Amino acid sequence: MGSATFKGGIHPYDGKELSMDRPIRTLLPKDEVVFLMSQHIGAPATPTVAVNDKVLVGQIIGAATGFISANVVSSVSGTVKAIEPRQAVNGDKVNAIIVTNDHEYTTVEDFGKKRDYTRLSKEQIRNIIKDAGIVGMGGAGFPTHVKMTPKDDDKIEYVIVNGAECEPYLTSDYRMMMEEPERIVNGLKIILSLFTRAKGVIAIEDNKPEAIEKLSKMVRNNPSIEVCPLKTKYPQGGERSLIYAVTGRKVNSSMLPADVGCVVSNIDTTISIGMAVSESTPLIRRIVTVTGDAIAEPCNYNVRIGMSYREVLEAAGGLTGPVEKIISGGPMMGMALFSLDVPVAKTSSALLCLKEDEATKPESACIRCGRCATVCPGHIIPQKAADAAMHDDLEGFIKYDGLECCECGCCTYVCPAGRNLTQALKQMRKKALASRKK
Amino acid sequence: MSDMYNVSASPHARSKVTTQRIMFDVALALVPAGAFGIYNFGLRALVVMLVCVGACVLTEFVYEKLMKKTVTIMDGSALVTGLLLAYNLPVSMPLWMAFLGSVFAILIVKMVFGGLGQNFMNPALGGRAFLVASFGSYMNNFEPVKKVATDVAGGATPWDAVDAVSSATPLAMLKNGETVDILDMFIGNINGTIGEVSALAILVGAAYLVIRKVISLRIPLTYILSFVVFMILFGGKGLDVNFLLAHVCGGGLMLGAFFMATDYVTSPITVGGQVIFGIFLGVLTGIFRVFGGSSEGVSYAILMGNLIVPLIEKITLPKAFGREGRKHEK
């Protein structure tokens, strides 16, 4: 069987060899831990503790505000030092709870208690996911309990676990597939218990044959779960590309995966669901790949959420020399950091340190080569839509389907003239979506 | 540890393919055809190429200096224009005319419209059209080929005799009802402009561009195929393979199809548009050759094609992923 895929996409240097064979090591934060109240799409959480309060591991310290929002759970025990705005990865100042770590890691009652999900009702499972503060950990940070609550459970035909990990350099999902495959399968089974008519698919890019083999063996005797190898190509793990590759169904910018009967869950998110439901452990940690040519010892870490990137970097042996760019996430969709004093959030998949910043290439004139259109997974002509965007031409932008851009970055990557197409599209989309809401 | 790193919006990675690399790839792919031109027509062919390339690069440089714009001559596009224009000239072309044509190609066709990417027609072909209009007799002055291959064999051949008398290009001969040797046409032992004579050398260069993924075969193949179909239907010789091959190898069709119709700037960006563009060129070339006065027609077909590119793109905009069922809004 050939590997499933989509039309378009690119093959950038993937840099995975730096860290893919490094087993996950656990890191504990130093004295100050910062919990941002907005690590997800939707309304920021509201702090439920006050300065000088004692907090425990697993305690909800920020409560979801409204339906599309998520709880924030403390990953350490200690004392609330301050509640004040702090820098997030995107440069915004976000309200945050700063906790002084007592290094005791005293937990709340029942933390880690084993639970049998088959004895829980759907509602109970959804509430556990919501309480645990789980959000999409692939990068978007969409609250998972919302995703797991479509209009009609019976309309969901596929639950896809996204193990594509198409973003270059990232190996955190791969390590989890290699080290804790049973947790992935357990998480998937829990999701499947919500959608009884759905089939579980674990989709993995075919550059990870060992992970495919390992998971295939694990689900061999389970008729409701299968492993689907995907062609290695960026952005294979993009939600729309993934759903198309696995099911042949198409999702556009104004649809949700549930509209075509799909629920997609990232590897670490799936594991977090499993841990929350089966092990009474809310979302307090995530796997972060620390890598890049400027990193002394690239590795994968199990990091407590709220730990500062600076501490994570130090644990990885620091930098080998001058560094031009530091990115939270991968090189295609990650956020460039100007400072390391930012806390690890639920969506922080990697810390990538590069000696050379390829993106500072000067722009030159478009030669209309059409490479952007060839690679665009949204099948638009980025050159035309971006041109409209650069001229602030909303009408033209919509006519050229600029709203269908998924911001994957392929067009900018291939542009021989070094034009910042994705960036222009991204900015205009924000504007267009804002005006649509009015 | 400094605390200020580069910050920019994603993506942070870039491919190694640059405009400059693409242009130099095209220039490199033009080398076999040029080398054959020099071999076939003598060193004067090289001089014509140097004049055209020099004039193109110089024109762009001077214009940008005078207009206080960023100098872009290192992107290689003027080099390619100069080469292509030279390839479209007969070897006997007076050098000052070649120079003038180059200045026209860069200054009028390209720079005043905004430079690279903004020209609405292929600069080299625009320059050629200018020269045809201004100095028609020089553009059609094909001196006898200095035979090499046949000389090696020793003695005169009928081919030589024909050339010595008519100085005609194969297509002109075909039009007069004479016969031509297909193998000679394929290799390039014929008369014509500097770079168009050897189909083989052009194909070698084109293969390089395809392998380097600089061009796709969509435009060249639809162009040549639709031209062949047109010639079968209206050429008057039906399925005469010799006649068809002569038409495919001759008159700059190969050079035009692989190197000029594929010019990014002046061909459609859409997949469907490229097919329409190719068919349009094929049919138009056929019309010019069968019903027109001149025997070639490739360059005017491409120029006409260039003009309707915006129109073609407008009607062939692709449907976005997941939006296939919806009609495009006006």
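# Exercises on a two-chain predicted model

**Exercise 1. Find the buried residues of α12(B), and say which helices they pack against.**

Solution. First list the buried residues. They are B:I219, B:P220, B:T222, B:Y223, B:I224, B:S226, B:F227, B:V228, B:F230 and B:M231. Then look for their partners in chain B. The buried residues pack against α13 (241-249), α14 (253-260), α15 (271-291) and α16 (298-307).

**Exercise 2. Is B:S226 buried or exposed, and what does B:S226 touch?**

Now the polar side. A polar atom of the B:S226 side chain lies 2.6 Å from the backbone oxygen of B:T222. Last, set aside residues up to four places away in sequence. B:S226 then touches B:G278, B:I279, B:G282 and B:V283.

**Exercise 3. Describe chain B as a whole, then locate the largest nonpolar core.**

Solution. Begin with secondary structure. Chain B has 17 helices and zero strands. Of its 330 residues, 54% count as buried. Take the contacts in chain B with a separation of 6 or more: 74% of them come from residues 24 or more positions apart. The accessible surface of chain B is about 14000 Å², and carbon and sulfur atoms hold 70% of it.

Now the core. The largest nonpolar core has 85 residues. B:L89, B:Y223, B:F258 and B:F259 have the most contacts inside it. Helix α1 (residues 19-41) of chain B gives the most to this core, with nine residues. Another core, of 44 residues, lies apart from it; among its members are A:M178, A:V263, A:M275 and A:L283.

Take B:L89 as an example. Beyond four places in sequence, B:L89 touches B:V48, B:C52, B:A98, B:L131, B:M139, B:T193 and B:I194.

**Exercise 4. How many residues does each chain bring to the contact, and what area is buried?**

Solution. Count by chain: 42 residues come from chain B and 63 residues from chain A. The size of an interface is often given as the accessible area lost when the parts come together. Here that buried area is about 4500 Å². Carbon and sulfur atoms give 54% of it. On the chain B side, B:H12, B:R14 and B:F321 supply 21% of the area buried against chain A, more than any other three residues.

**Exercise 5. Examine helix α7 of chain A from end to end.**

Solution. Check the span first. Helix α7 has 13 residues, 267-279, and should span 18 Å. Its end C-alpha atoms are 17 Å apart, which agrees. Next, its cover: 13 of its 13 residues are buried.

Now the ends. A:N266 caps the N-terminal end, with a side-chain oxygen 2.8 Å from the backbone nitrogen of A:D268. A:S280 follows the helix and has a positive phi, near 50°.

One residue that meets A:D268 is A:M176. A:M176 sits in helix α3 (residues 172-179) of chain A. At a relative accessible area of 2%, A:M176 is buried. Its contacts beyond four places in sequence also include A:I267 and A:I271.

**Exercise 6. Is B:K213 buried or exposed?**

Solution. B:K213 lies in the loop between α11 (199-211) and α12 of chain B. Its relative accessibility is 66%. Exposed means over 50%, so B:K213 counts as exposed. B:K213 also has a positive phi of about 60°, although it is not a glycine.

Definitions and conventions. Residues are numbered from 1 along each chain as its sequence is written. Chains are lettered from A and ligands numbered from 1 in the order in which they are written. This is a predicted model: local features need pLDDT of at least 70, side-chain atom pairs count only at pLDDT 80 or more; totals for chains, interfaces and linings use all residues. Side-chain values use heavy atoms; hydrogens and water are left out. Helices (H or I, at least four residues) and strands (E, at least two) are DSSP runs, numbered from the N terminus. Buried means under 20% relative accessible area, exposed over 50%, partly exposed in between (1.4 Å probe, protein chains only). Contact means heavy atoms within 4.5 Å. Accessible areas come from the Shrake-Rupley method with a 1.4 Å probe; for residues, only the protein chains shown count as cover. The expected span of a helix is 1.5 Å times one less than its number of residues. A polar contact is a pair of N or O atoms within 3.5 Å; within protein, one must be able to donate a hydrogen and the other to accept it, and residues adjacent in sequence count only if both atoms are side-chain atoms. A nonpolar core is a set of buried Ala, Val, Leu, Ile, Met, Phe, Trp, Tyr and Cys residues joined through side-chain atoms within 4.5 Å. Buried area is the accessible area (1.4 Å probe) that two parts lose on being put together, summed over both.
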